[in-house]
Amino acid sequence: MIERFALEDRHVAQRERVREFCERAVEPVVDAHETSGEFPEELVRRLGDEAFIGVPYPTDVGGAGQDFRSFAITVEELARSWKLLAGAVNIACGLVGYPLSEFGDDRQREEWLANVCTGEWIPAFALTEPGSGSDAGSLETTARREGDEWVIDGHKWWTTHGAIADLLLIVARTDPDESGHAGISLIGVPNPHERDGIEVIRDIPCMEGDVAIESELRFDGLRVPAANLVGEEGRGFRYIMEGLDIGRLGTAAQGVGIAEGAFAASREFAGEREQFGQPIAEFQGVGFSLADMASRTEAARLLTLSAADQRDRGERITQAAAMAKTFATDAAMEIATDAVQVHGARGYSTDYPVERYMREAKGTQIYDGTNEINRLVIANRMYE
Ligand SMILES: Cc1cc2nc3c(=O)[nH]c(=O)nc-3n(C[C@H](O)[C@H](O)[C@H](O)COP(=O)(O)OP(=O)(O)OC[C@H]3O[C@@H](n4cnc5c(N)ncnc54)[C@H](O)[C@@H]3O)c2cc1C
């Protein structure tokens with residue numbers, strides 16, 4: 001239940017700051033990158049200069065010293081212009097940044113996390129494997145201790161930005177006698193592509209197009225110092241579940257941004273496009289579609305900011321983040337699909353942004369736990 005919910009002036013200012021940046025630096029270049037398939041590496045690193053990556057973390061680790069409402073607002077505004085950038089922030093701040101911030105040692109916080117927050121390092125989070133998706137506890141990647149090193153063997157895929165990552169956070173089983181959620185640890189690998197024992201098998205061709213980097217990686221005797229273990233050995237599953245709370249909050253915000261972008265484009269288009277002698281927005285059928293888009297976008301935003309607000313009050317948001325993620329990304333998919341319909345044939349072309357929103361929305365229903373898995377998370381907490 002939403003008990004209390006408030007935004008302050010600084011949240012409004014953050015939204016304006018990110019929006020201004022997107023209009024100036026992002027929107028003019030999106031189409032060129034989408035067409036050429038060139039990953040916008042410089043722009044991703046620039047998000048660090050703008051302090052948009054480590055929004056909720058303290059300034060001494062490169063963060064912006066703000067809170068999770070500001071994080072959600074930042075991700076939403078980026079996704080409204082280009083989901084790829086919002087996703088990059090979400091991985092850096094949530095899936096990678098959160099475990100480093102909460103469980104990392106001084107070096108991992110002051111060096112690794114700081115490099116991630118400032119955009120110096122593009123990080124990647126390697127959990128999913130060909131045989132282990134929703135059932136993450138069935139992963140087969142192993143890390144064994146040899147002297148003062150970890151030796152990592154395994155096969156990961158759908159590691160976003162894996163092929164270009166400056167830091168890989170690998171989820172591996174460190175205790176071969178354990179199974180399921182036990183005996184799993186997190187190991188950080190800085191500069192992975194300068195090491196032996198790692199192969200980029202391919203970048204997986206996907207709905208987001210060539211501009212997205214979704215890597216398939218193989219580790220064959222990849223060696224890193226023992227000190228690269230994040231937190232305690234064997235507690236990695238707990239760490240990633242806590243990181244996923246933040247990841248899901250950020251993915252909810254991506255859904256809100258995509259929904260807002262699709263709605264805004266449709267509102268503008270329907271006000272200008274004339275058929276049968278009048279703007280199509282004046283046909284009740286189109287007006288109702290716009291009304292539903294606006295209402296669902298606002299509901300998704302409220303649910304997302306409410307979850308962020310709970311986190312800012314120090315509460316665990318496992319259920320709230322799962323609710324926001326599921327609702328907002330389902331809403332984004334529906335709204336983006338309706339937006340293509342409102343645009344008619346133009347919506348089906350790459351001349352208009354709505355076809356991109358539709359492709360982007362589909363991914364948000366799948367990553368950070370599919371929406372089926374998130375519904376399980378919500379249901380399982382109902383009787384606690
Ligand atoms: C764009 C994109 C980026 C990604 N980035 C990363 C990344 O950076 N790092 C990373 O580690 N992974 C990443 N992933 C992988 C993602 O986390 C997994 O795809 C996701 O967890 C689902 O796993 P799967 O694809 O193997 O599907 P499966 O687990 O095989 O599921 C297939 C279908 O079965 C359903 N299903 C499975 N179990 C249940 C159940 N118990 N109840 C009901 N339904 C169920 C699922 O919901 C789904 O619809 C990314 C994926 C995408 C699409």
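A polar side-chain atom of serine 134 comes within 2.6 Å of an oxygen atom of the ligand, a polar contact here being a pair of N or O atoms within 3.5 Å. The backbone takes part too: an N or O atom of the leucine 127 backbone is 2.9 Å from a ligand oxygen atom, and a polar backbone atom of tryptophan 158 lies 3.0 Å from a ligand nitrogen atom. On its own the ligand has 970 Å² of accessible area, and the protein covers 63% of it (Shrake-Rupley method, 1.4 Å probe).

Before you go further, please note that this is a predicted model, where local features need pLDDT of at least 70, side-chain atom pairs count only at pLDDT 80 or more, and totals for chains, interfaces and linings use all residues. Residues are numbered from 1 along each chain as its sequence is written, and side-chain values use heavy atoms, leaving out hydrogens and water.

## The shell around the ligand

Which residues are the closest to the ligand? They are Thr128, Ser134, Trp158, Thr370 and Glu372, out of 14 residues that surround it (a heavy atom within 4 Å). By type, the shell holds seven nonpolar, five polar and two charged residues, with Gly counted among the polar ones.

## Where the shell comes from

Both β3 (149–160) and α11 (371–380) supply at least two shell residues, and α11 gives the largest share, three residues. These elements are DSSP runs, with at least four residues (H or I) for a helix and at least two (E) for a strand.

The ligand lies between domain 2 (124–234) and domain 3 (237–380), because both give residues to its shell; the bounds come from an automatic or database domain assignment.

Key: A polar contact is a pair of N or O atoms within 3.5 Å; within protein, one must be able to donate a hydrogen and the other to accept it, and residues adjacent in sequence count only if both atoms are side-chain atoms.
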